[in-house]
Amino acid sequence: MNKNEYVDLEIIDNGSSFEGIAKKDGKVVFVPGAIIGEKVLTKVIKITKDYAIASLEEIYHKSVYRTEPICDAFKKCGGCSSEHIEYNMQLLLKNKMVENVLKKQKVTYPNIESTIGMGMPYYYRNKVQYPIRVDRLGNTVMGFYAKRSHDIVQNSCCFIQNRVIDILSKNIFDLLLNEGFVGYNEEKGDGDIRHLLVRRSYHTGEIMLVIIVNNESLLSDRRFEKITKRLIEQNESIKGIFLNLNDSNTNEILGEQIVKLYGEDYITDSIGDYTYYISPKSFFQVNTIQAEVLYTVLKNRLNLQGNEILFDLYSGVGSIGIFLSDKVKEIYGIEIEEEAVTMANKNIELNHVENAEYIAGSVEDKIEEFKQRKIHPDVIVVDPPRRGLDEKSIAYILDFKPQKIGYVSCNPATLARDLKVLEEQYDIHSITPVDLFPHTAHVECVAVLGKK
Ligand SMILES: C[S@@+](CC[C@H](N)C(=O)[O-])C[C@H]1O[C@@H](n2cnc3c(N)ncnc32)[C@H](O)[C@@H]1O
């Protein structure tokens, strides 16, 4: 196999980004866009000593699971990665993704349950973070990043976003352009507006807007008052409008400083029977319907008896602890984002949850505090970011010796890595993937472990 050579391949698997996988001359060949079972003509575009990447040129034998992508921008946009695969097959492949990483780590696990999908796997996202940039021609544009790049792909409709959010975002973008604001230039670090963040509560329809600016002087720019006035006249569902300053050279979307232009500090949404306040900087699951499925799986698999002390670690606005609150005696939560902890403590009151306490700080630093206070958890629930658990936190968790651990994970690779450590002292009772992000390569998992 050489670079630029045309090669016939049979696709034997799909990888963690849904890329087709084949083997040729003892090498793994990745073929983006190809589906397991297909026979294809490809062109080698990259070759290393361990693997090759080839572009899909022609399909001789099509998979029965191949379907027409719903979105015109699918081929370019980096948002979705599997619209060309029928939804039921996407779910099966997500099971395989989880299985592959667990096998790679040699984790001992029972059967992986079938990935729980959505009945209507479109328009599910309750939050959008649109980058606003200047393009190569100097025009200000808004859209999503192209695959493997920070070029912007503009699109008239995003099929995984809530439609109201999508339409409103375009309206706000036009207002910003009319006032003469320009998009951020990543290379030079100049420009006015970096991102537009819009959140819409699934159950109440309340909307929160955050405009992320690149320069401190913009926080007092009078043009935003004009835009705010227009927006609240046009849309009574808008409950809060904020400016956020991010003037660092970073891929993070939000900066520290936030200024309220209008309205409330939060919007409310619910998951199951519980209602949550959500502030601009708090984490909240972007797929409200599937969040309820996820938390219900966790609740059922933990089989709580009502007398347990539970730790809710990486707790965001307290969503998981509060969802489990009718099944436990006491809850102690830790979350690094102070604003989310303020919300969590308000959410306890809102839901009349007694015996729950949320503290601000990192799990690795704050968990010691519970030990000093001689609080002995029966159950520890963790829901860390994609990087998973750090060594220090795992050591503390093992030291507490809870009877059960519930691990909610948005990254199967770090879940598998951490389960490998935890399995020395715990049996893995169940692993359930839940599809929170249809048409993307992301998959959420709930693993429930019991003390050996
Ligand atoms: C995947 S979210 C889960 C939030 C919540 N459990 C939920 O379901 O909405 C992960 C959360 O961990 C927080 N976080 C990140 N690193 C942390 C750390 N070292 N210690 C505590 N919290 C952390 C983030 O701010 C975020 O709220």
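Three bridges join strand 7 (residues 127-134) to strand 8, and these two strands run antiparallel. Within this pairing, Arg133 stands opposite Val141 of strand 8. The model in which these pairings are found is a predicted one.

The pair belongs to an open sheet of six strands, arranged in the order 8-7-11-12-13-14 with mixed pairing. At its edges are strand 8 (140-142) and strand 14 (258-263), each of which pairs on one side only. From one strand to the next, the twist averages 15°. Helix 2, formed by residues 163-178, packs on this sheet and touches strand 7, strand 8, strand 11 (193-200) and strand 12 (207-213). The direction of helix 2 makes about 145° with that of strand 11. Helix 3 (residues 223-234), for its part, lies across strand 13 (238-245) and strand 14, and runs at about 160° to strand 13.

Nine helices and 23 strands make up the secondary structure of the protein. Along its principal axes, the C-alpha trace spans about 65 × 60 × 35 Å. For 452 residues, a compact globule would have a radius of gyration near 22 Å, and the protein, with 23 Å, therefore agrees with that expectation.

Strands of a sheet pair through backbone hydrogen bonds, in either the parallel or the antiparallel sense.

Both senses can be traced at strand 6. Strand 5 (residues 39-47) runs antiparallel to strand 6, and eight bridges join the two. A hairpin of three residues leads from strand 5 to strand 6, and Val40 stands opposite Ile59 of strand 6. Strand 4 (residues 27-31), by contrast, pairs with strand 6 (residues 51-61) in the parallel sense over three bridges. Here Val28 has Tyr51 of strand 6 as its bridge partner, while Phe30 stands opposite Ile53 of strand 6.

The remaining topic is the ligand. The ligand is surrounded by 19 residues, of which the closest are Phe283, Tyr314, Gly316, Ile336 and Asp383. Several elements contribute to this shell: helix 5 (319-324), strand 18 (330-335) and helix 7 (363-372) each supply at least two of its residues. By residue class, the shell around the ligand comprises ten nonpolar, five polar and four charged residues.

Note on methods. Residues numbered from 1 in each chain as written. Predicted model: local features only at pLDDT ≥ 70, side-chain atom pairs only at ≥ 80, totals over all residues. Pairing = 2+ DSSP bridges. Helix = DSSP H or I, 4+ residues; strand = E, 2+ residues; numbered from the N terminus. Axes fitted to C-alpha atoms, helices over the stretch in contact; angles between N-to-C directions. Contact = placed C-beta atoms within 7 Å. Near = placed C-beta within 6 Å. Nonpolar A, V, L, I, M, F, W, Y, C, P; charged D, E, K, R; others polar. Rg over C-alpha atoms; globule rule 2.2 N^0.38 Å.
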